[in-house]
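Colleague: I am new to this one. Could you show me how to read it, feature by feature?

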Amino acid sequence: PAGNIWYGLHEVEGKQREMAVRLSLEDDKLQGSGYNAHGAFTVGQGGTLPAEPRKLEFEAHHSGALRTTFKAEVSGRTMKGKWSGGGKSGAMVLYRTHRVPVPRTWFGRVNTAFIRFDGRAVAFTGTNQIGVVQADQPLTRENPYFEVQVLDKGHDCAIAVGVAHRDYPLDQMP
């Protein structure tokens with residue numbers, strides 16, 4: 001798990017909130033930083049890698065006295081676990097990624113009938129319909145590419161990723 005960015009959702013009072021953390025190993029101790037519903041935090045002084053490399057436990061230090069403990073298990077590109085702190089607790093699911101996704105404000109055209117945003121993650125809510133998300137900015141020489149990471153392909157689903165003109169219909173695959 002160390003040396004990676006992990007991004008996903010954690011549950012806070014019944015609501016899904018985004019979370020990201022970057023972990024590194026220093027002197028056999030987990031170190032890092034991230035953010036969640038409580039704001040920015042650092043990881044250190046207590047984060048350890050147990051004998052079982054797929055399991056980890058670390059404590060996040062927020063501003064003030066707030067501490068959050070995370071216990072998780074890593075399987076492939078997924079980290080699942082529980083968190084507790086500040087008298088609250090919940091579940092979390094994070095996915096290994098190279099970059100933290102861009103904010104919702106970067107997307108100008110969205111088929112909102114079948115698309116919702118969970119923090120910075122895009123979720124398709126339809127069944128046999130088509131959901132389109134289009135970025136606000138065009139591809140240029142200064143910005144020549146885009147990335148998409150599919151975290152969950154769903155069941156009986158087709159996913160198309162492409163480039164389209166500004167007025168592309170929001171109910172057709174690119």
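Colleague: Let me start with Asn111: which residues does Asn111 touch, leaving out those up to four places away in sequence?

Modeller: This is a predicted model, and in this model Asn111 touches Ile130, Gly131, Val132, Leu170 and Asp171. As for its place in the chain, Asn111 sits in the loop between β9 (107–110) and β10 (115–118).

Colleague: Is Asn111 buried or exposed?

Modeller: The idea is to compare the relative accessible area with a cut-off: buried means under 20%. Asn111 has 12%, so Asn111 counts as buried.

Colleague: And which backbone oxygen lies 2.8 Å from a polar atom of the Asn111 side chain?

Modeller: That oxygen belongs to Ile130, which is also one of the residues that Asn111 touches.

Colleague: Now the strands, please. In what order do the eight strands close into a barrel?

Modeller: The order is β1-β2-β3-β4-β5-β6-β7-β8, with antiparallel pairing. On average, neighbouring strands of this sheet are turned by 30° against each other, ignoring direction. For a close-up, take β3 (residues 29–36) and β4: five bridges join this antiparallel pair. Within it, Tyr35 has Ala40 of β4 as its bridge partner.

Colleague: What should I know about the nonpolar core?

Modeller: In soluble globular proteins, nonpolar side chains tend to be buried together. Here the largest nonpolar core has 18 residues, and Leu23 and Met79 have the most contacts inside it. Elements giving two or more residues to this core include β1 (4–12), β2 (15–26), β4 (39–43) and β8 (88–97).

Definitions and conventions: Residues are numbered from 1 along each chain as its sequence is written. This is a predicted model: local features need pLDDT of at least 70, side-chain atom pairs count only at pLDDT 80 or more; totals for chains, interfaces and linings use all residues. Side-chain values use heavy atoms; hydrogens and water are left out. A nonpolar core is a set of buried Ala, Val, Leu, Ile, Met, Phe, Trp, Tyr and Cys residues joined through side-chain atoms within 4.5 Å. Buried means under 20% relative accessible area, exposed over 50%, partly exposed in between (1.4 Å probe, protein chains only). Helices (H or I, at least four residues) and strands (E, at least two) are DSSP runs, numbered from the N terminus. Two strands pair if DSSP finds at least two bridges between them. Axes are lines fitted to C-alpha atoms, for helices over the stretch in contact, and angles run from 0 to 180 degrees between N-to-C directions. A polar contact is a pair of N or O atoms within 3.5 Å; within protein, one must be able to donate a hydrogen and the other to accept it, and residues adjacent in sequence count only if both atoms are side-chain atoms. Contact means heavy atoms within 4.5 Å.
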